[in-house]
Amino acid sequence: MLRIDKLTKRFGRNVAVDAATLDVDKPCMIGIIGRSGAGKSTLLRMINRLTDATDGRIMVEGRDVTQLRGRDKRAWQADCAMIFQQFNLVPRIDVVSNVLHGTLNRRSTLATMFNLYPMADIHRAIDILDRLGIAEHAPKRAEALSGGQQQRVAIARALMQDPRIILADEPIASLDPMNAQTVMEALRRIHEEDGRTVICNLHTLDTARRYCDRVVGMRDGRIVFDGLPEQLTTGVAREIYGADASFSEAATSTEIDALDATTPLREAKALV
Ligand SMILES: Nc1ncnc2c1ncn2[C@@H]1O[C@H](COP(=O)(O)OP(=O)(O)O)[C@@H](O)[C@H]1O
Ligand SMILES: [Mg+2]
């Protein structure tokens, strides 16, 4: 489905991502963890072609997407929609128009200039907002919504593109715990119900462990762990984050202690 092969990004002499190799053979929800500067954002940005790789390949159905140009590149970018920590909405325009922006890359310049959207797209946008529990906010300005609601608008905008893959770069880093939970649950549901792959950069271990089927750990640009949440022991976590003081900065000690106590959401669901 998606094969990342020795993907590398250098900024001058700094190697941001160092020969990262990752194989996704079925739709799943992957959490990428690691300290700040580990290369998580750069990896996602290369997958989406927001930034070009220095070396390596990204194979999707026999095509190397690092080589795509023009229309093919834009089609790929729509197929792996990106969500950001800061939502990247247009604050002063209404929610439904923000969601409709997800169709921009298949609309003509003229239609875009005059803000003309087909009725079918408007209905779809509202259906998606409804699914995410925020349809009643459709006519409001985006800036009037809470952070968690705004991030769900961003997810709705991504879903408008009907992407196969959703790339989320620290989607809950600016949210309070309640809103963070709502957003992670929305991403999990989109994966489970639609069969879309979600690749999510996350700051904390417990979030990755709770929501993801697979956890990838990055350190200094390299993938140093790739396995099941259950395999993410305290020792492994220390390897990913480094056992020094900055470890407690990246993930609090309670999160480490809680590692073996939290039941992953997937298992909790299987029990009911
Ligand atoms: N546009 C850029 N120019 C120069 N260096 C960059 C750029 N983007 C990222 N880097 C560097 O690449 C490394 C990885 O950064 P990043 O991918 O943002 O890590 P993370 O998302 O894990 O915090 C860091 O050392 C960072 O300073
Ligand atoms: Mg980052």
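Two strands are said to pair if DSSP finds at least two bridges between them. The strands themselves, of at least two residues (E), and the helices, of at least four (H or I), are DSSP runs numbered from the N terminus. With those terms in hand, let us walk through this structure. It is a predicted model, in which local features need pLDDT of at least 70 and side-chain atom pairs count only at pLDDT 80 or more, while totals for chains, interfaces and linings use all residues. Residues are numbered from 1 along each chain as its sequence is written, and chains are lettered from A and ligands numbered from 1 in the order in which they are written.

First, the overall picture. The protein chain holds twelve helices and ten strands. Of its 272 residues, 39% count as buried; here a residue is buried if 20 or more other C-beta atoms lie within 10 Å of its own, exposed if 12 or fewer, and partly exposed in between, with C-beta atoms placed from the backbone. Two residues are in contact if their C-beta atoms, placed from the backbone, lie within 7 Å. Among contacts in the chain with a separation of 6 or more, 71% join residues 24 or more positions apart.

Now to the sheets. Strands of a sheet pair through backbone hydrogen bonds, either parallel or antiparallel. One open sheet has four strands in the order E2-E1-E4-E5, with antiparallel pairing. At its edges stand strand E2 (14–24) and strand E5 (63–64), each with a single partner strand, so one side of each is left without a neighbour in the sheet. Inside this sheet, strand E1 (residues 2–11) and strand E4 (residues 55–60) pair in the antiparallel sense over four bridges, and Asp5 stands opposite Arg57 in E4. E4 also pairs with E5, in the antiparallel sense over two bridges, where Val60 stands opposite Arg63 in E5. These two strands form a hairpin with two residues between them, and Glu61 in the turn has a positive phi of about 45 degrees.

Lys6, in strand E1, has a phi near 50 degrees, a positive value in a residue other than glycine. Lys6 is partly exposed, with 13 other C-beta atoms within 10 Å. Ala19, in strand E2, is not a glycine either, yet has a positive phi of about 50 degrees. Ala19 is partly exposed, with 14 other C-beta atoms within 10 Å.

Next comes a helix. Helix H1 (residues 40–47) lies across E1, E2 and E4, running at about 60 degrees to E2. For such angles, axes are lines fitted to C-alpha atoms, for helices over the stretch in contact, and the values run from 0 to 180 degrees between N-to-C directions.

The other open sheet to visit has six strands in the order E6-E7-E8-E3-E9-E10, with mixed pairing. Strand E6 (80–84) and strand E10 (222–227) stand at the edges, each with a single partner strand, so one side of each is left without a neighbour in the sheet. On average, neighbouring strands here are turned by 20 degrees against each other, direction ignored. E6 and E7 pair in the parallel sense over five bridges, with Ile83 opposite Ala168 in E7. Helix H7 packs on this sheet, touching strand E3 (29–33), E7 and strand E8 (197–201), and its direction makes about 155 degrees with that of E8.

In the loop between strand E7 (165–169) and H7 you will find Glu170. Glu170 is partly exposed, with 19 other C-beta atoms within 10 Å. Leaving aside its neighbours within four places in sequence, Glu170 is in contact with Gln85, Asn201, Leu202 and His203. Glu170 and Gln85 are 85 residues apart in sequence, but 5.1 Å apart in space, C-alpha to C-alpha.

Finally, follow H7 to a helix partner. The axes of helix H6 (residues 147–160) and helix H7 (residues 177–194) come within 8 Å and cross at roughly 20 degrees. The contact includes Gly147 and Gly148 of H6 and Thr182 and Val183 of H7. Thr182, in helix H7, is buried, with 20 other C-beta atoms within 10 Å. The C-alpha atoms of Thr182 and Gly148 are separated by 7.2 Å, although the two residues lie 34 residues apart along the chain.
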